[in-house]
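Subject: Structure handover

Hello,

Here is the structure I promised. Please open it first, then read my notes below.

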Amino acid sequence: LDAAERELTGAQATVARTDEDLADARAELAAIAPAGSITTLQAMGERPAPGRSGSRAIVLTWTLVGLLVGLLAAQGATLAGWVLPEAGLLGLAAGVVAALAGIWIRRSSLPNASVPDPLAGSRTARLEERTERVQLLEDRARSAAGRLLAAEHAQEDVLAGWRTWLAGHGLPADIDRETAGRLLESSAQVRAQIAGLAAVRARRDQTAASLADFESRARALLAGLGRPADDPLAGLEMIRRDLHSAVAAAVDRDRIAAELQRIDAAEVANEAAKVALSGDLAAILAEVGADDPGAVRTAVAAATRQSEVERAIQAAQDTLVALSGPGEAVSGFQADLAAVGDLARVQSELADVVERATTLEHHRTAIFESLGAEREAIARIERSAESAELRQQRADRIAKLRELAESWSVTSIALALLRRTRERYEREHRPDVLRAAEELLASWTGGRYVRILAPLGKQVQELERRDGVVVPLTGLSTGTAQQLYLALRFALVDHFARQAESLPVVMDDILVNFDPVRAERAARSIEDLATRHQVLYFTCHPGTPLQAATTIELPTLVKA
């Protein structure tokens with residue numbers, strides 16, 4: 001659609017320009033030829049007489065020389081400070097004078113030659129030249145009309161294809177391409193959601209079928225077991241509990257059976273041991289000459305007590321030997337003990353000594369306890385000093401934290417104020433270049449982008465749309481990015497002209513990536529820039545919407 005529209009616009013511009021050039025050429029031809037002479041010249045192919053070929057060559061040669069002299073004179077007058085109309089008149093006069101003088105000198109030098117009328121030859125040449133130009137422009141007009149017709153047919157075909165495409169996708173015929181793309185994207189998302197919903201419904205139906213099959217099998221099982229089948233889940237739960245109880249009972253039964261087998265085996269083993277022990281008991285009773293086991297136990301107990309007494313006597317003797325020494329010392333110690341008359345008094349004194357020793361032991365224990373308490377008090381004092389130091393450190397840390405918190409609060413507030421001040425400064429003291437570029441960009445985009453975001457000391461980073469959305473440079477389309485660049489360049493051109501001087505501005509098809517609406521708006525800005533600067537615009541697109549002061553068409557280069 002864009003290509004067809006550009007081609008149609010270019011064809012219309014070409015037709016209009018060709019018609020205008022043809023009308024000018026016909027007017028010029030009519031101005032230099034009498035009525036009816038143009039038709040006669042075209043029909044009869046009138047040519048000058050052969051005898052005048054030399055004069056025609058002289059006229060053409062000096063006409064070219066006069067044209068060159070006029071151009072040089074006009075350029076010199078322009079460089080000397082003359083305005084363009086005066087310089088053009090001066091160049092025209094100089095060229096005419098040079099051409100006439102050269103023709104006159106050249107003809108006067110020809111021997112005995114008949115001097116033809118120079119004005120008649122010049123008029124004939126101009127008439128032929130204008131006639132050929134009219135014919136050439138008529139051919140161009142026919143070619144341009146054919147191109148326009150082809151462009152109109154092509155646009156109709158493209159529009160028909162676009163409407164067919166819209167109808168094939170179920171879209172209205174008057175919808176634009178961007179909206180159609182968004183609708184298709186939204187429809188694709190909806191189709192994906194519908195497909196997901198269909199999958200969920202399929203899983204739901206499959207689950208419902210599985211549940212129905214499970215309920216039918218559960219009812220059949222319950223009916224086979226003689227259980228009520230009205231509520232399959234409750235019936236299966238009852239079966240599960242009964243099965244669990246049955247399994248637990250089976251486990252208990254197996255455990256009890258194993259325990260019974262172990263008891264039976266132990267009973268058999270005890271009976272065998274009892275029989276063996278009965279034989280051993282009879283042999284023991286016969287050996288000791290006792291009638292029953294009770295008499296044997298009484299004799300064993302008496303022998304045990306006798307052994308204990310003997311061990312006590314032996315221990316006492318060992319003590320005497322240890323106290324007195326071996327040999328005769330034992331006999332002397334026994335005699336000393338026998339000489340003691342009042343054993344009760346000695347035992348009483350020994351008891352007093354033992355009591356004093358116990359009292360001293362208690363006093364010693366109390367002293368040790370007091371010493372331990374003193375040591376604990378000292379440790380407690382030391383610990384309290386350490387805790388005081390720790391409390392002091394804690395207080396110092398809290399004070400430091402409060403100081404840091406206050407510093408952080410002040411810094412945060414200052415940073416927020418600085419950020420707000422910077423944003424306000426950037427809003428209120430934006431460079432003239434950015435303000436001018438913003439105005440141009442807003443004009444070209446129809447107010448879609450209203451602000452160029454460039455923080456202080458940094459390059460342009462983002463654009464702000466009319467709805468407040470910020471778009472990074474990487475998210476811009478090729479056309480919008482080129483429009484931003486062009487707006488900045490236009491603003492820089494005006495800024496440089498204010499600071500230094502105005503220089504020529506050269507552009508090469510800068511509107512090629514613009515859509516027709518934005519290209520039209522940008523063309524108006526170029527025309528406005530041309531009122532303050534010399535603008536040279538190069539393009540190979542005839543449909544460029546630019547009303548130039550001077551248009552120069554260069555011939556098409558054809559490869560050999």
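Two strands pair if DSSP finds at least two bridges between them. Helices (H or I, at least four residues) and strands (E, at least two) are DSSP runs, numbered from the N terminus.

This is a predicted model: local features need pLDDT of at least 70, side-chain atom pairs count only at pLDDT 80 or more, and totals for chains, interfaces and linings use all residues. Residues are numbered from 1 along each chain as its sequence is written, and side-chain values use heavy atoms, without hydrogens or water.

Strands: strand 4 (residues 505–508) pairs with strand 5 (residues 535–538). The sense is parallel, over four bridges. Val 506 has Leu 536 of strand 5 as its bridge partner. From strand 4 the chain crosses through helix 13 to strand 5. This β-α-β crossover is right-handed (with the strands pointing away from the viewer, the path from the first strand over the helix to the second runs clockwise).

Helices: helix 12 (residues 478–499) packs with helix 13 (residues 516–530) at about 10°. Their axes, lines fitted to C-alpha atoms over the stretch in contact, are 12 Å apart. Angles run from 0 to 180 degrees between N-to-C directions. The two helices are therefore roughly parallel (angles under 35 degrees). Contact means heavy atoms within 4.5 Å. Helix 12 contributes Thr 480, Gln 483, Phe 490, Val 493 and Asp 494. Helix 13 contributes Arg 518, Ser 525, Ile 526 and Leu 529.

Confidence: mean pLDDT (the predictor's confidence in each residue, from 0 to 100) is 77 for the protein. Of its residues, 78% reach 70 or more.

Best wishes

Methods. Angles under 35 degrees count as roughly parallel, over 145 as roughly antiparallel, 65 to 115 as roughly perpendicular and the rest as oblique.
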